[in-house]
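Student: I would like to go through helix packing and salt bridges in a model. Please show it to me.

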Amino acid sequence: MSNRLTRIYTRTGDQGTTALANGTRISKTSPRIEVLGTVDELNSSIGLIISGLQNDDPIHPVLTLIQHQLFDLGGEIAVADHSYTVIDQTEIEYLECQIDKLNAELPPLKEFILPGGSVAACYTHLARSICRRAERQITALLMDDGEQVNPHTVAYLNRLSDLLFVASRTIVLRQGGKEILWQPRDKR
């Protein structure tokens, strides 16, 4: 296998543009680059979650696979060609299956919960929030007629944010923490 990144710096972005995978140069402030940055941030935050889990935690391999899927999703966005897709209904169904498995272990949710309970659960809520931002950004990109975006990516990110919510609850309980229930102002 050859080296994929022989030089880390290229100086080609010094003027505020960057290249997509298809070679097109665009502004680093373009909505497409914003989405790529947010997906990268999401992937990094999932790495933080994983670092707070035991290696034998069943969520560990699920989140590791999701990191790979997010890299695939970023590749789709960077290629910017409707004929290149990696994320499809299979990945969405995988997330739904994982949500159902995790949710089956949890007590019914009767109140809103606040992010907390353990460090790993907090990181999971942070990742959920970043995922929601990525979902909003990619939806905006999808609605722009001139942009090439796989519509499955919106559904994938929507399910991923749901999975991260359920995972946060699971992590709190598995780590012996307690969910923090929201108390409305009149009940505090």
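Student: Is Arg 133 buried, partly exposed or exposed?
Tutor: This is a predicted model, where local features need pLDDT of at least 70, side-chain atom pairs count only at pLDDT 80 or more, and totals for chains, interfaces and linings use all residues. Residues are numbered from 1 along each chain as its sequence is written, and side-chain values use heavy atoms, with hydrogens and water left out. Buried means under 20% relative accessible area, exposed over 50%, and partly exposed in between (1.4 Å probe, protein chains only). The relative accessibility of Arg 133 is 28%, so Arg 133 counts as partly exposed.

Student: Which residue meets Arg 133 in a salt bridge?
Tutor: A salt bridge is a side-chain nitrogen of Lys or Arg within 4 Å of a carboxyl oxygen of Asp or Glu. The N to O distance here is 3.0 Å, and the partner of Arg 133 is Glu 41.

Student: How many residues apart in sequence are the parts that Arg 133 and Glu 41 tie together?
Tutor: Helices (H or I, at least four residues) are DSSP runs, numbered from the N terminus. Arg 133 lies in helix α4 (residues 119-143) and Glu 41 in helix α1, so the parts are apart in sequence by 92 residues.

Student: Is Glu 135, which meets Arg 132 in a salt bridge, buried or exposed?
Tutor: The side chains of Arg 132 and Glu 135 meet at 3.1 Å, N to O. Both are in helix α4, three residues apart, so about one helical turn separates them. Arg 132 is partly exposed at 30% relative accessibility. At 12%, Glu 135 counts as buried.

Student: What is the angle at which α1 and α2 pack?
Tutor: Axes are lines fitted to C-alpha atoms, for helices over the stretch in contact, and angles run from 0 to 180 degrees between N-to-C directions. Angles over 145 degrees count as roughly antiparallel, and α1 and α2 are therefore roughly antiparallel to each other. The axes of α1 (residues 31-51) and α2 (residues 59-79) are 10 Å apart, and the angle is about 170°.

Student: How many residues of the contact of α1 with α2 are nonpolar?
Tutor: Contact means heavy atoms within 4.5 Å. Among the residues that meet are Val 35, Leu 36 and Ile 46 in α1 and Leu 63, Leu 70 and Phe 71 in α2. Six residues of the contact are polar and one is charged, while the number of nonpolar residues is 14.

Conventions
Helices (H or I, at least four residues) and strands (E, at least two) are DSSP runs, numbered from the N terminus. Angles under 35 degrees count as roughly parallel, over 145 as roughly antiparallel, 65 to 115 as roughly perpendicular and the rest as oblique. Ala, Val, Leu, Ile, Met, Phe, Trp, Tyr, Cys and Pro count as nonpolar, Asp, Glu, Lys and Arg as charged, and the others, Gly among them, as polar.
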